[in-house]
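Please look at the sequence and the structure before reading on.

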Amino acid sequence: MDEVIQVTQWLSSIPPRKKAKLFFFTTHADAPSPMVGSNDVDTHEETQLPLATTVALHNFKNIDEFLKKKVNTFSCYNVIENEITKTDYEYLRFYSACKYLEVVPPFLDLEKISAIQNKFEMTDEERDYRLLLDSADLVLEKVCDSLKPAGVSQMWTALRKDRNLIRGVKTIDIIGFFVDPNPTGIKECLFFFIVRFLQKADKINRVNTNRLERLIAQCDESSSCEEGKTIDFIIDSLRFYPTELYPFGFCLIMCVIEGRDGAMQEIEKTMEISRHLGMITHTEKNPTKETIELVKKELMKPKYQFYSSFTCWFMSHGDSNSMVLADGETIEREWFLTSFPDISTFQLKPKVFFMVSCRGANKFSLKGDEFEGQSATCDYYDIGSALISNRMLDITDSVRDISYVQPMMDTLVAYSTILDHLSGRANTHGSIYVDRACVLMSENISRGRSLTEILEHLSQDLHEILQETMDEDRIVYKQACHDDSFFRKTLKLPYTRHPKEDVHSAPQ
């Protein structure tokens, strides 16, 4: 069959709502840049004009033409072996969006997709189409699904009132002031236009969503929300780090084994919990400074831009300022913590570091006969309120900026102990902190708990446990853990436990 006919039949088989979503996912706002084949031309018309004309004319002709153009580009595209191009990235996004929406063209060349994944050096686990979907776009899709056409129309009216923001934007004028979002698929096109417009105007991104939240807050709840949804529910969904679907993120486990009893148990526990959480995991046993530099270089590869979070477990001996590596050399803890968050592939994404080592020799000792022989170590800004806002500073958009971000933002560092103190270990099971952290995370999968809630529980749990030093003094003591958070959103654990065998769905 002629390819033109095939493409036409494929497009005619896609319902309008899915067609709007396919366009949205395919015109992803945060594509890696610069890339080979990217000429840095303003993509304003490519990403917004088809949406604007669809809303204005109630006609999907321009979106169809856009998708046809994409399909034709992919059909004629020859995969170059050595360099990653803009088309490589777009091809993977297009494929994953089609797979997610269950509208994969029967004529799509899956061998090209495998060849592109080879260029990205993707492992079998990383060839799961869900990795290629942008989790922030998936959250925005759910927000759209939670709103009725009237709700999106009210958002549009609120946006049009911000004259400073919309001045001189031609696509805004194409849509006009009054919109009928009721025809099938038009609500989605209007909502996605608002989102992409705010992104291009540097008003929102995957972390900073306040401007979008304020538009939603101006909607009338009785007429704007789908059944079972509320304005608060919709806004709350934007206040979590987007980590939808599989994988939950990338987990790096670095553990010094030499001279650390139970270290292999630590590795097994952290690997198991990371897999249950749906993370793709890499382990480095007995790391050296050279190892760390190689890992940092690896994490800069383009494929890591597809991950929605980064977690690192670092387990070793240490003191107040440094950590001991496998070859006896030491590295400054501060150097380690500040070098990883600055990696561009994980910018605007949550980064969690579990630092498991002593930070000194001090102990919170417990004295008295009742403690002798007892220890575990031997065994085993609310939107709305006018009254409040009238008394607060009026922070206008003109003094807000989301373009420049401190490297440590969106990072959380969890320490197994407080400064200058010991981090306890069991003789055979390794770090007690690692053990309790893994247990609590495992128990709270599917309960909707955030990581910070679990860390609070961990702090309580760990501080109840009596430990004993392994020297001849046999001092009974307690350990206190803590964390430093630079988070701007809440990081929730996934609702689904991910067995390892469920993650392979790469094209063959």
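## An aromatic pair

Are Phe 250 and Tyr 304 buried or exposed? In this predicted model, Phe 250 is buried, and Tyr 304 is buried as well.

A search of the whole structure finds 28 aromatic pairs.

Tyr 304 counts as buried because its relative accessibility is 4%, which is under the 20% cut-off, and Phe 346 is buried with a relative accessible area of 2%.

## Strand β1 and its partners

Strand β1, which spans residues 249–255, has seven of its seven residues buried, and it is therefore largely enclosed by the rest of the structure. Seven bridges join β1 to strand β2 (residues 279–285), the two running parallel, and Ile 253 stands opposite Thr 283 in β2. Together with helix α16 (residues 263–276), β1 and β2 make a right-handed β-α-β unit.

Strand β1 also pairs in the parallel sense with strand β3 (residues 310–315), over six bridges, and in this pairing Cys 251 stands opposite Thr 311 of β3.

## Nonpolar cores

The largest nonpolar core holds 102 residues, of which Leu 22, Phe 191, Phe 336 and Phe 340 touch the most other members. The largest share of this core, 10 residues, is contributed by helix α12 (residues 186–200). Apart from this core lies another, of 38 residues, which includes Trp 313, Ile 432, Cys 438 and Phe 487.

When neighbours within four places in sequence are left aside, Phe 336 is in contact with Met 254, Ile 292, Cys 312, Phe 314, Met 323, Ile 331, Phe 353 and Met 355.

## Thr 26 in helix α2

Thr 26 lies in helix α2, which covers residues 16–26, and with 8% relative accessibility it counts as buried. Not counting residues up to four places away in sequence, Thr 26 touches Phe 66, Lys 70 and Phe 94.

## The annotated region and Gly 424

An unreviewed UniProt entry carries the annotation "domain: Caspase family p10" for residues 410–443. Over residues 410–443 the chain is 35% helix and 26% strand, with the end C-alpha atoms 25 Å apart.

Gly 424 lies in the loop between β8 (411–415) and β9 (425–426), and is buried with a relative accessible area of 2%. Residues up to four places away in sequence aside, Gly 424 touches Ser 431, Ile 432, Gln 467, Tyr 477 and Gln 479. The C-alpha atoms of Gly 424 and Met 470 are separated by 9.6 Å, the two residues being 46 residues apart along the chain.

Notes: Residues numbered from 1 in each chain as written. Predicted model: local features only at pLDDT ≥ 70, side-chain atom pairs only at ≥ 80, totals over all residues. Heavy atoms only, no water. Helix = DSSP H or I, 4+ residues; strand = E, 2+ residues; numbered from the N terminus. Buried < 20%, exposed > 50% of the residue type's maximum accessible area, 1.4 Å probe, protein only. Contact = heavy atoms within 4.5 Å. Pairing = 2+ DSSP bridges. Right-handed = clockwise from strand over helix to strand, strands pointing away. Core = buried A, V, L, I, M, F, W, Y, C linked by side-chain atoms within 4.5 Å. UniProt positions renumbered as here; feature names shortened; annotations may be inferred. Phe/Tyr/Trp six-rings, centres within 6.5 Å; stacked < 30°, edge-to-face > 60°.
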